[in-house]
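Q: Could we go through this protein together? I would like to start with the overall picture and then turn to particular places.
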Amino acid sequence: MTRRSLLSLGASVGAGLVLRRPSLAFQSGPAIVQADLEAKAGWIPLAGRQAYRYSYNNQVPGPLIEARPGDTIRIRFTNSLPEETNLHFHGLHVWPTGNADNSFVMVAPGEQFQYDLPLAANHPGGTFWIHPHMHGAVARQVWRGLAAPVIIRAELDAIPEVKAAAEVVLVLQDVTLGADGVPLEPGFMQQMAGREGNVITASGSVNPTIPIQKDGWVRLRMGMGMMGGMGATAGSSNSASSTIATFAYSGQANHVVPLPQKLVSVEPFPAPSRVRSFTLGQSMGQGMMGSGIGFGINGRTFDPSRVDTRVRLGDVEDWEFVNPMMMDHPMHIHTNAFQIIQPDGSAERAWRDVVLVRAGDRVRVRTAFQDFTGKLMYHCHILDHEDLGMMGVLEISDEA
Ligand SMILES: [Cu+2]
């Protein structure tokens with residue numbers, strides 16, 4: 001690669017793609033992290049043309065929200081879309097009720113809603129994201145562009161070797177535009193398979209170039225949009241590869257930093273008090289297509305007025321997702337992270353908020369219903385499947 005091409009590639013980096021290094025200026029006490037988010041429809045450049053998108057603050061993806069344990073995230077949300085929407089805070093361990101991560105809230109067009117999310121002092125660090133959770137419209141709204149990254153900085157970020165790395169947030173999104181620049185809605189068969197776009201962006205750009213220092217470390221944080229493309233097991237584009245982003249050397253690190261010897265420890269849960277089984281499948285009922293066929297869990301299509309699973313605050317349970325279908329389903333549980341039970345019966349020492357359950361397979365996860373009571377959701381994160389009804393309501397209460 002010539003110097004000239006390197007320079008021109010360097011100039012193509014999207015604004016804000018490379019974050020500053022996590023600074024030490026983080027020693028002050030808890031704060032209120034306040035942001036104004038406006039969901040709106042409009043024309044935004046995408047892959048060299050104008051595209052009709054839904055955005056937060058005219059940006060696709062939306063602005064990064066960054067907080068620390070103990071902080072309160074306060075979002076003054078305005079819905080300027082021509083339809084109802086709301087916000088879900090994917091992966092955060094916060095109240096699922098009131099004006100926190102409450103997926104039952106619906107914000108009408110022209111309305112405002114203030115979200116308040118107090119983060120506990122022991123909230124884990126990580127990369128999370130905001131997306132709408134408007135049942136029946138989630139896939140379309142995310143497809144049109146609604147997603148924003150959230151970073152919680154905690155003990156992992158304080159490890160010197162981690163702190164020394166340059167940090168890059170890659171929000172991965174895909175969409176297919178029609179000739180008029182409006183995102184194309186897929187047909188029913190594509191919804192069954194999980195829609196896949198032919199334009200793939202990383203933090204809003206097609207194949208952006210990310211400068212990295214020679215001998216330096218880069219820490220990638222990725223937020224995945226549709227979670228589609230894992231849906232079909234046959235005849236899909238899974239076998240095709242696409243370049244999502246390109247790294248190019250730019251400068252030299254002053255000195256070589258070693259990899260950290262240890263990251264953060266993840267403690268195993270105590271033994272579960274109960275094992276539940278969730279079978280993923282098609283179900284009769286009020287399918288979104290009006291055909292009477294929907295997707296469901298344990299034979300039931302999502303109904304926001306029904307509680308499917310009742311658990312007790314503080315309990316540890318194993319949940320087994322059974323997938324007899326011919327397609328994969330990445331399963332997501334709101335509010336409480338989980339650990340995957342491995343073939344030898346031990347719990348993986350890692351926190352997850354989504355687990356991929358492959359066609360014909362079953363996966364067991366272990367979770368604890370900690371800190372928060374209320375109703376929340378668990379669902380397939382192929383958003384078309386969620387919209388088709390592969391979602392249930394969990395109620396956590398402090399009674400038996
Ligand atoms: Cu699914």
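A: The answers below concern a predicted model.

Q: What does the secondary structure come to?
A: The protein has six helices and 24 strands.

Q: How much of the protein is buried?
A: Of the 400 residues, 38% are buried.

Q: And what share of the contacts comes from residues 24 or more positions apart?
A: Among contacts with a separation of 6 or more, such residues account for 75%.

Q: Turning to the sheet with β17, what is the strand order?
A: The order is β17-β24-β23-β19-β21, in an open sheet of five strands with mixed pairing. At the edges are β17, residues 309-312, and β21, residues 354-357, each of which pairs on one side only. On average, neighbouring strands in this sheet are turned by 25 degrees against each other, ignoring direction.

Q: Do β17 and β24 run parallel or antiparallel?
A: They run parallel, and four bridges join β17 to β24, which spans residues 391-397. Within this sheet, V311 stands opposite I396 of β24.

Q: What holds paired strands together in general?
A: Strands of a sheet pair through backbone hydrogen bonds.

Q: Changing topic, where is F128?
A: F128 lies in strand β8, which covers residues 126-131.

Q: Why does F128 count as buried?
A: F128 is buried because 21 other C-beta atoms lie within 10 Å, and the cut-off is 20 or more.

Q: Which residues does F128 contact, apart from its neighbours within four places in sequence?
A: F128 is in contact with F89, H90, G91, L92, V150 and I152.

Q: And how far is F128 from D353 in space?
A: Their C-alpha atoms are 9.6 Å apart, although F128 and D353 are 225 residues apart in sequence.

Definitions and conventions:
Residues are numbered from 1 along each chain as its sequence is written. This is a predicted model: local features need pLDDT of at least 70, side-chain atom pairs count only at pLDDT 80 or more; totals for chains, interfaces and linings use all residues. Helices (H or I, at least four residues) and strands (E, at least two) are DSSP runs, numbered from the N terminus. A residue is buried if 20 or more other C-beta atoms lie within 10 Å of its own, exposed if 12 or fewer, and partly exposed in between; C-beta atoms are placed from the backbone. Two residues are in contact if their C-beta atoms, placed from the backbone, lie within 7 Å. Two strands pair if DSSP finds at least two bridges between them. Axes are lines fitted to C-alpha atoms, for helices over the stretch in contact, and angles run from 0 to 180 degrees between N-to-C directions.
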